[in-house]
Amino acid sequence: MIELKNIKKSFGDKTILHDISAVMEAGKCNLIIGASGSGKTVLTKCMVGLFKPDEGEILYNDVNMLEMTEDERKQLRQQIGMLFQGSALFDSMTVEQNVMFPLNMFSTLSYKERKKRASEVLDRVNLKEAHNKFPAEISGGMKKRVGIARAIVLNPKYLFCDEPNSGLDPQTSMLIDKLIKEITVEYDITTIVVTHDMNSVMEIGDHIVYMHQGQKQWEGSNKDIIFSKNELLNEFIFASEFLQDAKQMRMMQENGDVPKQ
Ligand SMILES: Nc1ncnc2c1ncn2[C@@H]1O[C@H](COP(=O)(O)OP(=O)(O)OP(=O)(O)O)[C@@H](O)[C@H]1O
Ligand SMILES: [Mg+2]
């Protein structure tokens with residue numbers, strides 16, 4: 001479990017994160033949602049140690065990351081896998097070389113073992129045929145899968161995915177979501193997904209943190225969202241009339257007022 005306690009972060013005189021407290025549940029898909037500029041990426045970067053909060057605590061299993069020694073923090077970082085927005089693959093490396101990169105940096109495995117491990121994770125994300133291709137030669141959805149393979153190659157305990165669906169069509173988005181969810185369960189990872197995608201929220205959001213203008217507005221499960229009366233959250237999630245109707249229907253179903261199809 002990752003626990004955020006009273007996180008504050010400013011850049012110059014602009015406060016970006018106002019006193020954020022939230023929980024990322026262990027072994028679950030935790031989603032951070034909110035409008036553009038609400039501070040999702042800054043918060044995520046604080047959690048992985050790329051930004052240092054001005055105040056507050058970030059507890060990984062009750063240990064405050066901000067008070068760890070350099071060695072402890074290094075160890076923690078090796079337990080964190082990250083899928084960056086836009087995948088951030090190395091263009092000059094093949095798919096296999098991209099996936100082997102963290103192993104080359106951090107593992108003591110032999111070349112043969114590293115190749116085998118890369119093969120395992122590429123198989124897991126259904127990319128058996130793409131080992132020798134370069135990023136420019138594969139589709140956006142495949143790039144995301146390579147990014148996921150690279151993020152899990154060191155067997156992380158924590159997986160961070162910043163906008164894993166950006167730029168993908170709805171069907172491919174769903175496949176990526178399902179893959180992230182399956183991997184979370186299969187390897188018992190604590191996953192944090194930053195997303196705008198409302199399908200993801202309803203499909204894979206075990207636990208959801210909603211940010212608005214640098215503040216945590218709401219926190220709960222995807223089922224709780226159906227019943228939530230938080231106006232800002234409802235405006236954000238159910239922006240169209242169609243979705244507002246869908247929410248009403250779902251609420252009635254959940255209450256047993258309408259037979260399920
Ligand atoms: N390194 C930085 N220096 C100064 N300001 C920054 C920096 N990084 C982010 N900000 C500011 O922090 C605010 C929140 O940015 P952030 O990237 O966290 O938003 P976001 O919720 O991830 O948005 P999006 O959905 O567009 O990715 C923005 O106003 C942004 O300009
Ligand atoms: Mg962002």
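Angles under 35 degrees count as roughly parallel, over 145 as roughly antiparallel, 65 to 115 as roughly perpendicular and the rest as oblique. Keep that in mind for the views below, which come from a predicted model: local features need pLDDT of at least 70, side-chain atom pairs count only at pLDDT 80 or more, and totals for chains, interfaces and linings use all residues. Residues are numbered from 1 along each chain as its sequence is written, while chains are lettered from A and ligands numbered from 1 in the order in which they are written.

**View 1. Helices α3 and α5 side by side.** The axes of α3 (residues 95-106) and α5 (residues 140-152) come within 7 Å and cross at roughly 25 degrees. Here helices are DSSP runs (H or I, at least four residues), numbered from the N terminus; axes are lines fitted to C-alpha atoms over the stretch in contact, with angles running from 0 to 180 degrees between N-to-C directions. The two helices are therefore roughly parallel to each other. On the α3 side, look for V95, N98, V99, F101 and P102, which meet V146, A149 and R150 of α5 (in contact means C-beta atoms, placed from the backbone, within 7 Å). This contact has six nonpolar residues, one polar and one charged. Ala, Val, Leu, Ile, Met, Phe, Trp, Tyr, Cys and Pro count as nonpolar, Asp, Glu, Lys and Arg as charged, and the others, Gly among them, as polar.

**View 2. Helix α5 meets helix α6.** Now follow α5 to α6 (residues 170-186): their axes come within 10 Å and cross at roughly 10 degrees. That is why α5 and α6 are roughly parallel to each other. From α5, the residues G141, K144, R145, I148 and I152 meet T172, L175, I176, L179, I180 and I183 in α6. Seven of the residues in this contact are nonpolar, two polar and two charged.

View 3. With axes 9 Å apart, α3 and α4 (residues 111-124) pack at an angle of about 125 degrees. They are therefore oblique to each other. Find E96, V99, M100, L103 and N104 in α3, facing R114, K115, R117, A118, V121 and L122 in α4. The contact of α3 with α4 holds six nonpolar, one polar and four charged residues.

**View 4. The shell around ligand 1.** Ligand 1 is surrounded by F11, I16, G34, S36, G37, S38, G39, K40, T41 and V42 (C-beta atom, placed from the backbone, within 6 Å). Helix α1 (residues 40-48) gives the most to this shell, with three residues. Three of the shell residues are nonpolar, six polar and one charged.

Definitions and conventions. Two residues are in contact if their C-beta atoms, placed from the backbone, lie within 7 Å.
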